[in-house]
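Please look over the sequence and the fold below before reading on.

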Amino acid sequence: MPPSRVIPAQSGIQAILISRYALVCALVLILGAGNRVDVAAQTIPLRYGQAISAAKSIFSLPIFVGEREGLFRREGLNFKIIIPIPGGSDKMIDALHDDTVDITHVAVPFLIRAALNGSDAVAIAAEFTNPIYSLVAKPEIKSFANLKGKLLGLADEAGTITISTRKLLAMHGVSAGDFRVKTIEGTPTRWNCLKRGDCDAVPLGQPQDLIAQKEGFRVLGVSNDAVPDFLYTVSAVRKSWAEKNRDTVVRYLRGLSAAFKFIRDPANRKAVVKTIVETSDTPADIAQQTLAPEESLTLADKDRQ
């Protein structure tokens, strides 16, 4: 997911979506909620905060599926996706505190950082564990050793992307002082830096890493090689808000759980691919690939040889 108190979901959308569907604490809340809420009784407004950097990525898939398939509506929610301005992933907790959103998608380190600074924001559900972030380089860079002296576009130093990328580099003998760094938030922005030739290598999420590979860029390695078990993003709320809106939290968790189940069901593959294509501007073949772990990882492995 995505920073204080967290719970978990498995590798790449590939396996992020084939995750343990991400709702350990959701089960606690649902089991403790007593009888199922009467969803027909009312429609409750709920504002979900999504970082602009994640809005066109696979990380938005469960939310878009829940919205498009009516899974949140079935729970009696008037669910709206809000992209705060500025919409960086490090700003999502701020959106909770300024009452821009009620629930937000956030990377775990940013939730932890906010909690250490006095925020009452807490995680209510895990969204993604071990998403695939590929370290993608210019075609002429054929190995990790070739990165020495080069410029890498990395995300926030405190975030999960950079933490896993630096560990991946260190595994292959590339230490912090061996390369230059430019901080760039968001996979789309880092991808543009690589395409323009301003960056020699960048970590990319999906589907952009697969698109880059198709266009001739080189995948040197993936984050899961370095961090095999890493909780990435969670759904977070302010504790004070959740205590006053327990019923809304339970409805949201049921809708999110249903979205993960929908994605996991092979019978829904066509609908899921359609959602990826329409919400992330991704070609259909790449959308299919993000849902096929064996094919995707094989391609990455071949490129690393």
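Axes here are lines fitted to C-alpha atoms, for helices over the stretch in contact, and angles run from 0 to 180 degrees between N-to-C directions. Helices (H or I, at least four residues) and strands (E, at least two) are DSSP runs, numbered from the N terminus. The model is predicted: local features need pLDDT of at least 70, side-chain atom pairs count only at pLDDT 80 or more, and totals for chains, interfaces and linings use all residues. Residues are numbered from 1 along each chain as its sequence is written, and side-chain values use heavy atoms, with hydrogens and water left out.

Two packed helices are described by the angle between their axes and the distance between the axes. Helix H4 (residues 61-68) packs against helix H14 (residues 269-280) at an angle of about 110 degrees, and the axes lie 10 Å apart. H4 and H14 are therefore roughly perpendicular to each other; that term covers 65 to 115 degrees, while angles under 35 count as roughly parallel, over 145 as roughly antiparallel and the rest as oblique. On the H4 side, the contact (heavy atoms within 4.5 Å) is made by Leu61, Phe64, Val65 and Arg68. H14 contributes Val272, Lys274, Thr275, Ile276, Glu278 and Thr279. By class, the contact has five nonpolar, two polar and three charged residues. Ala, Val, Leu, Ile, Met, Phe, Trp, Tyr, Cys and Pro count as nonpolar, Asp, Glu, Lys and Arg as charged, and the others, Gly among them, as polar.

How much of H4 is covered? Six of its eight residues are buried, where buried means under 20% relative accessible area, exposed over 50% and partly exposed in between (1.4 Å probe, protein chains only). The buried residues of H4 are Leu61, Pro62, Ile63, Phe64, Val65 and Gly66. Just after H4, Gly70 has a positive phi of about 75 degrees.

The protein as a whole has 16 helices and ten strands. Of its 305 residues, 58% are buried.

Gln208 belongs to helix H10 (residues 208-214). With a relative accessible area of 9%, Gln208 is buried, and it touches Lys56, Thr187, Pro188 and Trp191, leaving aside residues up to four places away in sequence. Lys195 sits in helix H9 (residues 187-196). Its relative accessible area is 41%, so Lys195 is partly exposed. With residues up to four places away in sequence again not counted, Lys195 touches Glu215 and Phe217. Lys195 and Ala137 are 58 residues apart in sequence, and their C-alpha atoms are 9.8 Å apart in space.
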